[in-house]
Amino acid sequence: LYRNFIFQTMNGEQSDKTEEYVFEAFERTLALDTNDYSIQAYALAMPSESTLAEDLDVVDPVALHKARGGVKKAIASKYHEDIRAKYDELTAAIQSSSSEE
């Protein structure tokens, strides 16, 4: 999903529907109530530029970097408060478990 949105952004063909799907998937994944944080983190992480480059016939590293950065920034801007809340929740949980030991 991220991959499609990044490539659409890179080619100037952004789809409102794809953006909506990406935002919805990110929001739902971030809101999951799970103790398996590694899976949640993996699902939230965007593919690296080198991974994305593997799917391109001709790689334009500058365009790829800008597109990936733009998508990352859009998600971060829209979900800044939610991301911060999750960070604070996890930090508190780590500190609590450390003090119990």
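Visitor: In which helix is the place of Thr-18?

Guide: This is a predicted model, in which local features need pLDDT of at least 70 and side-chain atom pairs count only at pLDDT 80 or more, while totals for chains, interfaces and linings use all residues. Residues are numbered from 1 along each chain as its sequence is written, and side-chain values use heavy atoms, with hydrogens and water left out. Helices are DSSP runs of H or I with at least four residues, and strands are runs of E with at least two, both numbered from the N terminus. Thr-18 has its place in helix H2.

Visitor: Is Thr-18 buried or exposed?

Guide: A residue counts as buried under 20% relative accessible area, as exposed over 50%, and as partly exposed in between, with a 1.4 Å probe and protein chains only. Since the relative accessible area of Thr-18 is 11%, Thr-18 is buried.

Visitor: Which residues does Thr-18 touch, not counting residues up to four places away in sequence?

Guide: Contact here means heavy atoms within 4.5 Å. With residues up to four places away in sequence not counted, Thr-18 touches Phe-5 and Gln-8.

Visitor: How do H1 and H2 lie to each other?

Guide: Helix H1 (residues 2-10) and helix H2 (residues 16-31) pack at an angle of about 140°, with axes 10 Å apart; axes are lines fitted to C-alpha atoms, for helices over the stretch in contact, and angles run from 0 to 180 degrees between N-to-C directions. Angles under 35 degrees count as roughly parallel, over 145 as roughly antiparallel, 65 to 115 as roughly perpendicular, and the rest as oblique. H1 and H2 are therefore oblique.

Visitor: Which residues make the contact between H1 and H2?

Guide: From H1 come Tyr-2, Phe-5 and Gln-8. From H2 come Thr-18, Glu-19, Val-22 and Phe-26.

Visitor: What is the relative accessibility of Gln-8?

Guide: Gln-8 is found in helix H1 and touches Glu-13, Gln-14, Ser-15 and Thr-18, not counting residues up to four places away in sequence. Gln-8 counts as buried because its relative accessibility is 19%.

Visitor: How many residues has the largest nonpolar core?

Guide: A nonpolar core is a set of buried Ala, Val, Leu, Ile, Met, Phe, Trp, Tyr and Cys residues joined through side-chain atoms within 4.5 Å. Among those with the most contacts inside the largest one are Tyr-2, Val-22 and Phe-26, and H1, H2, H4 and H5 each supply at least two residues of this core. The number of residues in the largest nonpolar core is 18.
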